[in-house]
Amino acid sequence: MAIEKVRAYFKEYNMENRILEFPVSSATVELAAQALGCNPERIAKTLSFKVENKAVLIVAAGDAKVDNAKYKAFFHTKAKMLTPEELEAMVGHAPGGVCPFGIPSDVSVYLDISLKRFETVFPACGSSNSAIELTLPELEKYSQSVQWIDICKNWQIT
């Protein structure tokens, strides 16, 4: 199970006890916000794409949407999300629990600037009923992100 892989990953940093598991689903932004009792925009959703036959993860605020023009300008290709089968094979997580932790080293992780308006955010932890609260510096460190990018729309600084 992917959550065990994520738990083992965070154990390397003595962070495994910070993983939250819920008796209800947190598989969507809305469900995660309900489970956590927070605003949906603080959910750090992880979107998965295929770029040159490699998996790319973009972590963005719950209220942000990928802007296709910005995506194409940055990655020089049309946005193509991974299928559920590709996701599990290339990233190791199933839909509803995708996160940038405990993933293969050839998967690139980017953080969208839509997250920068929050002190802490809640990414999933490999299952459809888990999350972890991280500061932005912690998210940068533990996601081993390549860089911050501006690739989303429909969010605004509050």
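The model is predicted, so local features need pLDDT of at least 70 and side-chain atom pairs count only at pLDDT 80 or more, while totals for chains, interfaces and linings use all residues. Residues are numbered from 1 along each chain as its sequence is written, and side-chain values use heavy atoms, with hydrogens and water left out. Helices (H or I, at least four residues) and strands (E, at least two) are DSSP runs, numbered from the N terminus.

**T120 and strand β6**

- T120 lies in strand β6 and has a relative accessible area of 18%, so T120 is buried (buried means under 20% relative accessible area, exposed over 50%, partly exposed in between, with a 1.4 Å probe and protein chains only).
- T120 and F122 point one way from β6, V121 and P123 point the other way, and all are buried.
- The T120 side chain makes a polar contact of 2.5 Å with the side chain of R42 (a polar contact is a pair of N or O atoms within 3.5 Å; within protein, one must be able to donate a hydrogen and the other to accept it, and residues adjacent in sequence count only if both atoms are side-chain atoms).
- The side chains of T120 and E133 are joined by a polar contact of 2.7 Å.
- Not counting residues up to four places away in sequence, T120 touches R42, E133, L134 and T135 (contact means heavy atoms within 4.5 Å).

**Pairing of β6**

- Strand β2 (residues 43-51) runs parallel to β6, joined by two bridges (two strands pair if DSSP finds at least two bridges between them).
- A44 has P123 in β6 as its bridge partner.
- β6 and β8 run antiparallel and are also joined by two bridges, and T135 in β8 is the bridge partner of T120.

**Helix α5**

- In helix α5 (residues 136-143), the buried residues are L136, E138, L139, Y142 and S143.
- These residues sit on the same side of α5 because they cover an arc of only 155 degrees around the axis (the arc is that of the directions from the helix axis to the C-beta atoms).
- The buried residues of α5 pack against several elements, including α1 (2-11), β3 (54-61) and β6 (120-123).

**F74 in helix α3**

- F74 is part of helix α3 (residues 68-75) and counts as partly exposed because its relative accessibility is 31%.
- Not counting residues up to four places away in sequence, F74 touches Y110, Q147, I149 and I151.
- F74 and R117 are 43 residues apart in sequence and 22 Å apart in space, C-alpha to C-alpha.
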